[in-house]
Amino acid sequence: MARMGMIIDLNRCITCMACTIACLRENVMRQTGDAVELPEGNSTYYARTKPAKMTMEGYPFSGVTYFIQCLHCENAPCAMACPTGATYITENGVVMLDHNKCIGCRACVIACPYGARTMYRGKIGGPAPHSEALLPGYPDKCTFCIHRGSASSNNWVPACVEACAFGARMFGDLDDPASEVSRIVRSGKAVTLAPELGTRPKLFFIPPQRTPAVSRTGRK
């Protein structure tokens with residue numbers, strides 16, 4: 001069985017927000033005729049991938065803008081905290097939410113150490129674009145756009161990956177030696193957020209290469 005993962009190369013990312021906009025269109029936005037509706041207030045906050053900045057010293061990309069979303073942890077704290085089993089992990093490692101089991105207690109939101117879950121309580125009109133789209137009143141998170149494939153397949157492309165014009169996002173089977181994500185992770189170039197937490201995320205980042213400061217005279 002596949003074990004799906006994503007890599008974001010921060011050397012290629014220019015923070016153009018194409019991934020965030022694609023995510024909003026794919027998973028959040030509602031359309032009725034010519035009218036388009038988004039969550040009230042800062043709709044970017046409810047995108048499933050959005051810019052963030054880490055200021056903790058010691059991390060490879062501290063101080064650099066990156067994108068936060070569900071990390072699809074193998075040891076997922078949100079799934080452990082869920083009292084009803086609504087948060088679960090699919091056969092290919094995607095962390096999902098069963099709305100039929102969810103009681104809206106927000107235990108999963110609180111348990112996530114990365115702040116990757118949101119919960120929209122406002123109103124939004126129009127039909128949901130698909131069965132896994134944002135649903136007001138329930139915890140929401142990145143699903144790797146699994147609705148584009150299936151819980152047991154590994155041949156879909158998330159909207160954010162499709163939208164990135166610079167190839168900064170890569171998606172594939174971490175257990176397939178021939179896949180690009182597998183090769184990069186094995187090379188050691190990609191890292192995870194806060195590995196000391198032991199959550200074993202399947203979202204990786206390639207840290208930006210640091211260029212030495214150059215003085216006005218051209219000397220370091």
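Predicted model: local features only at pLDDT ≥ 70, side-chain atom pairs only at ≥ 80, totals over all residues.
Residues are numbered from 1 along each chain as its sequence is written, and side-chain values use heavy atoms, with hydrogens and water left out.

So, the big picture. We've got five helices and eleven strands; those are DSSP runs, H or I of at least four residues for helices and E of at least two for strands, numbered from the N terminus. The radius of gyration is 18 Å, close to the 17 Å from the globule rule for 220 residues, so the chain is as compact as a globular protein of that length. That radius is taken over C-alpha atoms, and the rule is 2.2 Å times the number of residues to the power 0.38. Buried residues are 47% of the 220, buried being under 20% relative accessible area with a 1.4 Å probe, protein chains only.

Now the sheet. Three strands make an open sheet, ordered E10-E1-E11, with mixed pairing; a pair needs at least two DSSP bridges. E10 (169–173) and E11 (203–206) are the edges, each with a single partner strand, so one side of each has no neighbour in the sheet.

What about E1, residues 4–9? Four bridges join E1 to E11, and the two run parallel. Ile7 has Phe204 in E11 as its bridge partner.

Conventions. Buried < 20%, exposed > 50% of the residue type's maximum accessible area, 1.4 Å probe, protein only.
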